[in-house]
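Student: I have the structure open beside me and would like to go through it piece by piece. Could you walk me through it?

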Amino acid sequence: ARHPAEPWRIKSIEPLRLTSPEERTAALSAAGYNVGLLPAELVYIDLYTDSGTSAMSDRQWAAVMLGDESYAGARSFYRFEAAVHEYYGYEEVIPTHQGRAAESILSRCLIRPGHHIPGNMYFTTTREHQELNGGTFHDVIIDEAHDPTADLPFKGNVDLTKLQQLIDKVGPEQIPYVSLAATVNMAGGQPISLANLNEVRELTHRHGIPVILDAARAVENAWFIKQREPGWSGRTVAEILREICALTDGATMSAKKDSYANIGGWLAVRDPRLAEQARNLVVVHEGLHTYGGMAGRDLEAVAQGIGESVQEDSIRTRVEQVAYLADRIAAAGVPIVRPVGGHAVCLNATDFLPHIPREQFPAQTLTCALYLDAGTRSTERGAVSAGRDPATGENRYPPLELVRLAIPRRAYTQGHMDVVADSVIRLHERRKTLRSGVEFTHEPSTLRFFQSRFRPL
Ligand code: F0G
């Protein structure tokens with residue numbers, strides 16, 4: 001198998017260090033069997049996240065030098081605002097330092113204790129901010145999204161019956177907005193269709209409920225719509241992106257994903273009164289409303305990156321590189337989430353390590369084994385990430401117990417993908433030698449996966 005060659009060449013490189021198995025064993029133990037706590041220097045291929053880890057273009061670096069660091073009304077802000085407006089179409093644009101800051105501001109503005117927020121599967125930080133403001137998250141994604149083997153083109157779609165039932169049960173006035181992600185990260189990067197988005201729009205409109213988009217990977221979603229949704233193959237990714245946004249009332253954005261920036265984000269809405277409220281909060285928590293926690297140079301890098309992100313060749317090679325890794329792994333019989341998402345290949349840890357019980361965190365165990373084998377860093381996306389139910393304090397065991405191999409954009413070559421594929425396949429062949437899992441030795445109360453520590457059993 002091959003994937004299309006990239007529409008760029010490499011002008012600048014960053015050396016990587018190769019480690020010995022002994023070094024990795026010592027490093028993993030020192031990191032409490034949480035690969036997130038490893039010094040990055042001891043990682044060879046870092047697939048922990050695709051967030052902020054992509055390679056910036058020479059145009060982005062050049063734009064960095066043009067950053068206007070004025071405190072108020074910097075030229076860079078206007079360029080940033082114009083780019084978001086042009087490509088995403090929202091009227092009111094408020095910069096934040098990254099996506100979760102936009103989520104925090106939006107949640108504080110709209111969520112009150114007792115509110116209910118439906119969404120197409122949870123994302124860790126998104127749900128955390130909803131819960132911190134007294135809201136309850138409700139998963140209204142289609143059932144198939146929780147089944148790693150269900151091969152559907154739009155596994156990120158909302159189940160309209162589930163959404164209607166929630167509205168009937170709690171009343172539309174208790175639902176401040178519907179939270180829609182495109183693509184759905186926790187399902188493995190699965191897209192939502194425009195047809196479904198239209199139906200959600202129609203249903204929520206009848207009840208006066210706004211729709212807020214998580215636009216972190218909406219360009220990847222637009223690419224899948226172009227490939228898979230009848231009637232859209234002749235449109236540009238940029239047009240489809242505008243169409244997705246046109247069906248929503250606002251968006252939170254992590255510019256560290258699609259937009260190829262190392263840091264940055266924004267909140268955008270259409271309602272000027274909500275924008276005013278959000279700007280007031282940004283000033284308290286992030287910085288003045290024309291920089292929102294970013295330096296002028298960061299605003300420039302995001303503005304330039306947005307334009308690059310919708311170029312057809314760029315988005316094609318990005319998604320095809322992910323598919324290349326997935327195809328190699330799947331061809332060897334390794335259980336992965338189907339279909340392959342836009343930003344990551346997700347290993348199905350419950351099928352990979354069926355002999356390790358959920359209570360021993362098979363996905364967390366697999367992230368450790370992958371690091372030890374070839375120095376690849378992945379992320380747990382299962383029970384550890386899901387945390388505890390705030391009401392009962394019990395561990396949540398989501399149906400998906402995954403190890404995510406997230407691919408940074410424009411950063412790694414096909415050679416790197418082969419190293420990862422070989423390692424995963426090798427590990428799968430000797431999976432029986434991984435006898436048991438891990439247990440917590442330290443467990444933080446919120447977003448525990450970032451800082452928790454474990455012991456092998
Ligand atoms: N929404 C989605 C769908 C995300 O994937 C992320 C971050 C955020 C919001 C928050 O944005 O990191 O800029 O504050 N996802 C990263 C990941 C961390 O690895 O999946 P942020």
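Student: Let's begin with the ligand: how many residues of the shell around the ligand are nonpolar, polar and charged?

Tutor: Bear in mind first that this is a predicted model. By class, the shell around the ligand holds 4 nonpolar, 9 polar and 3 charged residues.

Student: And which residues are closest to the ligand?

Tutor: Of the 16 residues that surround the ligand, the closest are Thr49, Gln98, Gly99, Arg100 and Ser254.

Student: Which helices each supply at least two residues of that shell?

Tutor: Those are α4, which covers 99–110, and α5, which covers 124–132, each of them supplying at least two residues of the shell around the ligand.

Student: Okay, stepping back, what domains is the chain divided into?

Tutor: The chain is divided into domain 1, made up of 21–50 together with 312–456, and domain 2, which runs over 58–309. Taken over C-alpha atoms, the centres of domain 1 and domain 2 are separated by 26 Å, and their contact takes 23 residues from domain 1 and 24 residues from domain 2.

Student: Which elements give two or more residues to the side of domain 1 that touches domain 2?

Tutor: On that side, the elements giving two or more residues are α12, at 312–331, and β9, at 344–348, and the largest share, 4 residues, comes from α12. By class, the side of domain 1 that touches domain 2 has 11 nonpolar, 7 polar and 5 charged residues.

Student: Changing topic to helix packing, at what angle do α8 and α9 cross?

Tutor: The axes of α8, residues 218–228, and α9, residues 237–246, cross at roughly 110° and come within 9 Å of each other. Angles from 65 to 115 degrees count as roughly perpendicular, so α8 is described as roughly perpendicular to α9. The crossing of these two helices, α8 and α9, is right-handed.

Student: Which residues of α8 and α9 meet there?

Tutor: From α8 come Ala218, Val219, Asn221, Ala222, Trp223, Ile225 and Lys226, and they meet Val237, Ile240, Leu241 and Ile244 of α9. The residues of this contact between α8 and α9 divide into 9 nonpolar, 1 polar and 1 charged.

Student: What about α1 and α14, why are they called roughly antiparallel?

Tutor: Helix α1, residues 21–30, and helix α14, residues 362–374, have axes that cross at roughly 150° and come within 8 Å. An angle over 145 degrees counts as roughly antiparallel, and therefore α1 is roughly antiparallel to α14. Their contact is made by Pro21, Arg24, Thr25 and Leu28 of α1 with Cys368, Tyr371 and Leu372 of α14, and the residues of that contact comprise 5 nonpolar, 1 polar and 1 charged.

Student: Now the backbone: is the peptide bond from alanine 182 to threonine 183 cis or trans?

Tutor: The peptide bond from alanine 182 to threonine 183 is cis, with omega near -5°, and threonine 183 sits in the loop between β5, at 178–181, and α7, at 194–207. The peptide bond from arginine 338 to proline 339 is cis too, with omega near -15°, and proline 339 has its place in the loop between α12 and β9.

Student: One last thing, is phi of tyrosine 260 positive or negative?

Tutor: Phi of tyrosine 260 is near 60°, which is a positive value in a residue other than glycine. Tyrosine 260 is found in the loop between β7, at 250–254, and β8, at 265–269.

Key. Residues are numbered from 1 along each chain as its sequence is written. This is a predicted model: local features need pLDDT of at least 70, side-chain atom pairs count only at pLDDT 80 or more; totals for chains, interfaces and linings use all residues. Axes are lines fitted to C-alpha atoms, for helices over the stretch in contact, and angles run from 0 to 180 degrees between N-to-C directions. Angles under 35 degrees count as roughly parallel, over 145 as roughly antiparallel, 65 to 115 as roughly perpendicular and the rest as oblique. A crossing is left-handed if the near helix is turned anticlockwise from the far one by less than a right angle, and right-handed if clockwise. Two residues are in contact if their C-beta atoms, placed from the backbone, lie within 7 Å. Ala, Val, Leu, Ile, Met, Phe, Trp, Tyr, Cys and Pro count as nonpolar, Asp, Glu, Lys and Arg as charged, and the others, Gly among them, as polar. Domain bounds come from an automatic or database domain assignment. A residue is near a molecule or strand if its C-beta atom, placed from the backbone, lies within 6 Å of it.
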